[in-house]
Amino acid sequence: DRTVSYDESCLNVTWTGLVNTGDVGEAVSLSGWGDKTFMAFGAFTGAASVLIQGSNNGIDWFGLSNRQGTNMTFTAGGMNTSQDKPIYVRPILTAGAGALVSVAAACHRTDVSGMTR
C-alpha cells in the first residue's frame, strides 16, 4: 500500500505492508522533488532489511546511496537522506519473514530561481 500527501512545501509518500523477503513497494515518480529523506519504521522481525531503490527507466533498479556513499539499507528504524536523484523510487524488503515494516519519504522541492509554479 502507498499513500501520498502534499502540503505545498513537502511531498510525503508512505509505503506500508512490507512483510516478507521480496515484498516491493509501488514505484513512485519523484523527479520534481530534489531532496528525499527516507524513514523506515515498524517491526524489523526475522532479521528484516529494507533497501531503498531508484531507477531512471522504471525497469532497472539499484540501491540508492545515502550521503555517506553507501546503499540506503535499514535493519532497524531510522532515517537517512539520499544523495541520488532518480526519477523513480521504491522500497524492497531484501530480508525478513514476518516483519511489518513501513517506509516514509519526505520530498522537498528544489525550485529553480526565478521559476514559478
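Select S102 to start: this serine is buried, with a relative accessible area of 10%. The model on screen is predicted. S102 belongs to strand β10, which covers residues 97-108. Now show what surrounds S102. Leaving aside neighbours within four places in sequence, S102 is in contact with W15, T16, G17, M39, A40 and F41.

**The whole chain**

Zoom out and colour by secondary structure. How many helices and strands does the protein have? There are zero helices and 10 strands. Followed from the N terminus, the elements run β-β-β-β-β-β-β-β-β-β. The protein has 117 residues, and buried ones make up 38% of them. Of the contacts with a separation of 6 or more, 71% are between residues 24 or more positions apart.

**Colouring by confidence**

Next, colour by pLDDT. The average for the protein is 88, and 86% of the residues score at least 70. Then select residues 112-117. Over this stretch pLDDT stays under 50, and the model has four contacts for it beyond four places in sequence.

Go back to F41, one of the contacts of S102. F41 is found in strand β4, residues 35-43. Is F41 buried or partly exposed? F41 is partly exposed, with a relative accessible area of 33%. M39, like F41, is on the contact list of S102.

**The salt bridge**

Stay with strand β4 and select D35, then K85. The side chains of D35 and K85 meet in a salt bridge, at 3.5 Å from N to O. The structure holds one salt bridge. K85 lies in the loop between β8 (78-81) and β9 (88-95), while D35 is in strand β4, so the pair ties together parts that are 50 residues apart in sequence. The two partners can also be checked for accessibility. K85 is exposed, with a relative accessible area of 53%. D35 counts as partly exposed, at 31% relative accessibility.

**Two cysteines**

A disulfide is a covalent bond between the sulfur atoms of two cysteines. How many disulfides does a search of the whole structure find? The search finds zero. C10 is in no disulfide, and the nearest cysteine sulfur, that of C107, is 6.6 Å away. C107 is likewise in no disulfide, with the sulfur of C10 as its nearest at 6.6 Å. C10 is buried, with a relative accessible area of 15%. C107 is buried too, with a relative accessible area of 0%.

**Last stop: a loop residue**

Finally, select A47. A47 has its place in the loop between β4 and β5 (49-55). Is A47 buried or exposed? A47 is exposed, with a relative accessible area of 66%. Now look at its backbone angles. Most residues other than glycine have a negative phi. The phi of A47 is near 55°, a positive value in a residue other than glycine.

Notes. Residues numbered from 1 in each chain as written. Predicted model: local features only at pLDDT ≥ 70, side-chain atom pairs only at ≥ 80, totals over all residues. Heavy atoms only, no water. Helix = DSSP H or I, 4+ residues; strand = E, 2+ residues; numbered from the N terminus. Buried < 20%, exposed > 50% of the residue type's maximum accessible area, 1.4 Å probe, protein only. Disulfide = S-S within 2.5 Å. Salt bridge = Lys/Arg side-chain N within 4 Å of Asp/Glu carboxyl O. Contact = heavy atoms within 4.5 Å. pLDDT = per-residue confidence, 0-100.
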